[in-house]
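Open the model in your viewer and keep the selection panel at hand. The tour below goes from one selection to the next and says what is there.

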Amino acid sequence: MITAAVQQRENYLTAGHGLKSWLLTKDHKRIALLYFFTITVFFFLGGVFASMIRLELITPQGDLMSSDTYNKMFTMHGIIMVFFFLVPSIPATLGNFFLPIMIGARDLAFPRINLLSWYLLVIGGGFALFAMFAGGVDTGWTFYTPYSTTYSNTWVLATAVGVFIAGFSSILTGLNFIVTVHRMRAPGMTWFRMPLFVWANYATALIQVLGTPVLAVTLVLVFAERALHIGIFDPALGGDPVLFQHLFWFYSHPAVYIMVLPGMGVISELISTFSRKPVYGYSFIAASSLAIAIIGFLVWGHHLFVSTQSVYAGMVFSFLSYFVAIPSAIKVFNWTATLYKGSISFETPMLYAFGFIGLFTIGGLTGLFLASLGLDVHVTDTYFVIAHFHYVMVGGTIMAYLGGIHYWWPKMTGRMYPDGWAKLSAGIIFLGFNLTFFPQFILGYMGMPRRYHAYPDEFQVLHVLSSAGASVLAIGYLLPAIYFAWSLKYGPVAGPNPWGATGLEWKTDSPPPTHNFDEIPVVNHEAYDYTSVEAELA
Amino acid sequence: MTSATPHMDSVKTYITVFLALIVATVLTTAVAFVDLGAFSVVVALAIAICKMLLVALFFMHVRHSTRLTQVVLFGGILWFGILMGMTLIDFSSRNWIGVPGR
Amino acid sequence: MHKAESHGGAAVHPLALREQFDTVEQQRDCSTLGMWIFLITEVMFFGGMFLAYSIYRTKYPEVFAVASTSLNVYIGATNTVVLLCSSFTMVMAVRASALGKQKAIVGWLLMTLLFGLTFLGVKAFEWNEKFELHHVPGFANFHLAGVEPQGAAQIFFALYFCMTGLHALHMVVGVGLLSWLVWQARRGKYTSEYMTPVDISGLYWHFVDIVWIFLFPLLYLIDRHLGK
């Protein structure tokens, strides 16, 4: 069985051997795997910090660690998870691997820049890790001034440098994707024949390119202010801290869409494949990705409702924030409409897709609460906000990321994973996630503030539920790490198209050859055309 | 226009544009010494934008670029406008209601 | 191979075409588009600085006027002219490479390099002057005569150093690019068929020029009539 699995043909994994062939590779698929391993390490590191937070919060007293240590824990959890896991997660791994294949290209437009962007992430991560092991940082992932520039006695500068460098990694990935989508499509691959995953990554790339530089320059100013003790953002010296918040959220609100848009792209693929129907309202889903990217830049002020931002600006930002709900809802309605009368199969990736739709809907709808000026004053900086963005980031992005990994794993490695274990862990993650974060909505509404390591006794039951959920969630995340590793050696051979899916990535070998195709395909049908696949498989 | 090289203008055009840029520099410096009140910044920015357009359209050949390049350039300027405009909505409407700190 | 047959009849140096591309046109289009998108990221990067500048200039107009007047406008104007000259020689270098004039490419590039270095030298002189006048923010001896609060004056000079410093950093990168281009051009690397590196380096150089076109009036020319 295993010997029969040996591939006759050379593929991207066998095309070179040794560490050097990986560290100097220009193959987008190998670079995607480099990213995959890197961000997996960061994910589990961020998870360790999350565990420390949940352990501390089991009891109302601050007994496990001091408040200073607790501040460092949630800060490092946030920085690692946002900048070194979520932002690169889907685009840099699945996008890097599949975007060129899905549009019928041999590689991205700039393979060397692609490799450079991985090195930048690693170097940036190195700075962040150095800061952590040298003593940590306690500003919160938002680096709010003047605390970060004047008062914090922790490793703010090293962390800021790390995030700055990682930002350029993200910019270069986005630049590469935009040029590739515009100029590298195969003959016949028109814009409205592209898979929705490509559309989503294209929209994401626009945000990366337009937003990230503003974060970079903001960090330059923070760096200058902290290193030289000048007062650009310090009111005591004539500066304005709200200006920092504007600059920061100009990037960091759209960054939420950098994290979730590619996830939506994955879900479009999964829903179509496992209901064996073309995506309902294809062009609306494609356009809604662009709409989210654009509207996402007009709403950042809703993070500043309780700052000294003028109430009139608050009204404008509040009003505009509701508009993000429209393209998001278009996606959810079209996904559910795709399921209607579909031939639905409950494979593991589809379980994650269902999880995504439910959890993202909750996360999105609670976002509307937060967009409304009056209600937001009540729940600002409470666990309600924490629960909201974890429903979007974890319930949305990570569910989609795991769904995508389960979907494309046979293509990336040529092997199948054990189905029963995979379904079990999908269920554990869904249950563990809800147990962790649903109580936090209630906690927040009752008034539990974020970023405190001690709390009144009446909150304990809900906090214990949340911590219990976190341990269930941890098991759910560890299981895939084990069975994916197992499948590399012992998994059954997958074949080129195990799901009967459409898309150019399923028309090449598993794993694909170095330049993806023996011959560049000519595309003569629309996306998600199952009649052609059925003819092939028959 | 050969396919492998971008379109070029004549040396005469480049020299004319260059001289226009020098004149604009002298002009913007001179006009800064005149008291125009609030208009001095408007004039300074107007001259700078003209200079930018000269450099972009002629030296960077945006005149002959593909439509896509022009869209990219326009998009970049638009997004800078969003950053400035939406932030200025806040800073320009502070203290309208007379409550300190709002 | 697939790519070999799609070249058409064009006489192309085979080494110039990277393997992910089908044609030289596609390769050139990708490089040019990539550079333009990179320049857009630069617009946003400097944009954040310009935003901070606008907010504080509106908040402290008098302080900004006095601080601006303390800068030497003649040096600033001269440096603007130097940079405009470098843009002119750069576009002539691009033109020479499009026409395949090997010697002219090197000549124009060297002149551009010279103007760029001149600009940086003048800039270094100006910065040095700031240290002598105690106009460097963050130093305990910072003092700008005749304004209150001093914190606002520090903000002006902090923005001055950040903006001109980042601009100069881009100039240094540009000087590096030019040196590399000169070295390659001397070896006859650039022909009318393959001149993309010269072309997109030119785009970068002109962009850096445009940034200065805005920095000059915003930093040097605020209410000059007050400070005769």
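A residue is buried if 20 or more other C-beta atoms lie within 10 Å of its own, exposed if 12 or fewer, and partly exposed in between, with C-beta atoms placed from the backbone. This is a predicted model, in which local features need pLDDT of at least 70, side-chain atom pairs count only at pLDDT 80 or more, and totals for chains, interfaces and linings use all residues. Residues are numbered from 1 along each chain as its sequence is written, while chains are lettered from A and ligands numbered from 1 in the order in which they are written.

**Stop 1: a residue in chain A**

Select A:Ile357. It is partly exposed, with 19 other C-beta atoms within 10 Å. A:Ile357 lies in helix H13 of chain A, residues 348–371. Helices (H or I, at least four residues) and strands (E, at least two) are DSSP runs, numbered from the N terminus.

Now show its contacts; two residues are in contact if their C-beta atoms, placed from the backbone, lie within 7 Å. Not counting residues up to four places away in sequence, A:Ile357 touches A:Val332 and A:Trp335.

**Stop 2: a glycine in chain A**

Select A:Gly396, in helix H15 (residues 383–413) of chain A. Is A:Gly396 buried or exposed? It is buried, with 27 other C-beta atoms within 10 Å. Leaving out residues up to four places away in sequence, A:Gly396 touches A:Val260, A:Gly263, A:Phe356, A:Leu359, A:Phe360 and A:Gly363. For a distance to draw, take A:Leu270: A:Gly396 and A:Leu270 are 126 residues apart in sequence and 14 Å apart in space, C-alpha to C-alpha.

**Stop 3: a helix and the chain's confidence**

Select helix H7 of chain A, residues 156–183. This helix has 28 residues and reaches 41 Å from its first C-alpha to its last, close to the 40 Å expected at 1.5 Å a residue; the expected span is 1.5 Å times one less than the number of residues. Of the 28 residues of H7(A), 24 are buried, so the helix is largely enclosed by the rest of the structure.

Chain A averages a pLDDT of 95, and 98% of the residues score at least 70. Over residues 1–7 of chain A, pLDDT stays under 50, and the model has two contacts beyond four places in sequence for them.

**Stop 4**

Chain B has three helices and zero strands. Its radius of gyration is 20 Å, well over the 13 Å that the globule rule gives for 102 residues, so chain B is more spread out than a compact globule. The radius is taken over C-alpha atoms, and the globule rule is 2.2 Å times the number of residues to the power 0.38. Along its principal axes the C-alpha trace of chain B spans about 65 × 35 × 10 Å. Of its 102 residues, 30% count as buried.

**Stop 5**

Chain C has seven helices and zero strands. The radius of gyration of chain C is 22 Å, well over the 17 Å from the globule rule for 228 residues, so this chain is more spread out than a compact globule. Buried residues make up 53% of the 228 residues in chain C.

**Stop 4: where chain C meets its neighbours**

Show chains A and C. Their contact takes 29 residues from chain C and 35 residues from chain A. On chain C, helix H2 (24–59) and helix H6 (150–186) each supply at least two residues of the side that touches chain A. The largest share of that side, 17 residues, comes from H2(C).

**Stop 5: the core**

A nonpolar core is a set of buried Ala, Val, Leu, Ile, Met, Phe, Trp, Tyr and Cys residues joined through C-beta atoms within 7 Å. The largest has 270 residues, and those with the most contacts inside it are A:Ile80, A:Ile178, C:Ala52, C:Phe156 and C:Leu159. Finish on C:Phe156: leaving aside neighbours within four places in sequence, C:Phe156 is in contact with C:Val63, C:Phe64 and C:Ala67.

Technical notes
pLDDT = per-residue confidence, 0-100.
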